[in-house]
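Hi,

Here is the structure I promised to pass on.

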Amino acid sequence: MINALALPVTEESQVGEARRIAVALAAEVGFDETDRGKVAIVTAEAAKNAVKYASEGEILLQTVKTDAGYSIEIVSLDRGPGMANVGQCLRDGFSTAGTLGTGLGAIKRLSSFFDIHSVPKLGTALLMRLEPTQNRLETSQNSNYLEFGVVSLPKAGEEICGDSWAIENDRDKNLILVADGLGYGVLAEEASQEAVRVFGESAKLGPKAILEKAHAALKSTRGAAAAIALIDRTQQTVCFAGIGNISGVVVTDNRSRSMVSYNGTVGHRMLKVAEFVYPWSPHSLLVMHSDGLAAQWDFNRYPGLAARHPALIAAVLYRDFKRTRDDMTVVVAKVRQPA
């Protein structure tokens, strides 16, 4: 998965630009003409809805690497009036704006995967994933399968994100890293990417041991805040270690439990690092984010959000709690529930 592209859609002229960029991204990862056409329609319809119904609309675009190849992830976010009855709004022919009412229905039909969350007076978030026809595989029906969602963006006005993240999967265990290079720009990216390199080479170790290796490796960089979570779905635990201001939270039944990080900077000043173990259940979800996302979020404000796909959860948190003066990364993980 690459860092997301965030495109404002607040006026009609921006719809075409969002469509053009989405189609170009699809072409880069091998979508044929027919599948690029689907990407164009979905992006345009989602952007039109955001312009039509909301004052603040945004499209997030990124590629997602799967076992079958690449898919395109499109997220539409707005701060509009929201929907009181999502099911009704998804039916063809329903419209509150005097149109034919085929936009959301067409988006859902053309998408390989579709999810939606909407709260009256807060806004609507749509998640669409599209993949080349020849690459489509059945989604795993294993109820112990872990799903992820990520939004990672540079601070406003920058092209390079100083945050990095990585995930390593091994049977019933999942290892997750979020790293925030000090400052922003190229040097921050170099520091956080060095943390990713060490993480990948040391994934068989525990979070504490990996951070200790990263501390030695990052001495030649400006340093980073970093945290690692190891989800063990057999033992039903999360083992967490962090240095600096990376937040880690386990949410179970809308009750949040923050995980402990120590002060310091990986690569420069790390006086103490320790692992803490927290309970995990098939109904838990994990949220990890850099300080580019304000930590005051509360799922109780968003009825039903915790049940949505992790990519949609990450996007809603980004929409409502991002800090535009810093790089921002949020990673959400949860066990896929049986259909």
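First, a term: a charge sits over a ring if NZ of Lys or CZ of Arg is within 6 Å of the ring centre and within 35 degrees of the ring normal. Before you read on, note that this is a predicted model, where local features need pLDDT of at least 70 and side-chain atom pairs count only at pLDDT 80 or more, while totals for chains, interfaces and linings use all residues. Residues are numbered from 1 along each chain as its sequence is written, and side-chain values use heavy atoms, with hydrogens and water left out.

Back to charges and rings. Lys155 has its charged end over the ring of Tyr184, 4.0 Å from the centre. Lys65 lies over the face of Tyr70, with 5.7 Å to the ring centre.

Next, salt bridges, meaning a side-chain nitrogen of Lys or Arg within 4 Å of a carboxyl oxygen of Asp or Glu. By that rule there are 12 salt bridges. I also sorted residues by relative accessible area: buried is under 20%, exposed is over 50%, and partly exposed is in between (1.4 Å probe, protein chains only). Helices (H or I, at least four residues) and strands (E, at least two) are DSSP runs, numbered from the N terminus.

The one to look up is Arg129 with Glu73, where the closest N and O atoms are 2.6 Å apart. This pair links distant parts of the chain, as Arg129 is in strand 5 (residues 123–130) and Glu73 in strand 3 (residues 69–78), 56 residues apart. Are these two buried or exposed? Arg129 is buried at 16% relative accessible area, and Glu73 is buried at 2%.

Two other bridges stay inside a helix:

- Arg20 and Glu17 meet at 2.8 Å, N to O. Both lie in helix 1 (residues 13–28), three residues apart, or about one turn. Arg20 is partly exposed at 48%, and Glu17 is partly exposed at 39%.
- Glu212 and Lys208 meet at 2.7 Å, N to O. Both belong to helix 6 (residues 207–217), four residues apart, again about one turn. Glu212 is partly exposed at 36%, and so is Lys208 at 30%.

There is also a network of salt bridges that links Glu56, Arg79, Arg319 and Asp320.

On to the aromatics. Rings of Phe, Tyr and Trp (its six-membered ring) pair if their centres lie within 6.5 Å; planes under 30 degrees apart are stacked, over 60 edge-to-face, and the rest tilted. The structure has two such pairs. Tyr262 and Phe276 are tilted, 6.0 Å centre to centre with 40° between the planes. Tyr262 is in the loop between strand 12 (255–258) and strand 13 (276–279), and Phe276 is in strand 13, so the pair ties together parts that are 14 residues apart in sequence. Tyr262 is partly exposed at 22%, and Phe276 is partly exposed at 24%. Trp297 and Phe299 are also tilted, at 5.2 Å centre to centre and 50° between the planes. Both Trp297 and Phe299 are buried.

Last, some helix packing. Helix 2 (residues 33–53) and helix 4 (residues 103–110) pack at about 145°, with axes 9 Å apart. Axes here are lines fitted to C-alpha atoms over the stretch in contact, and angles run from 0 to 180 degrees between N-to-C directions.

Cheers
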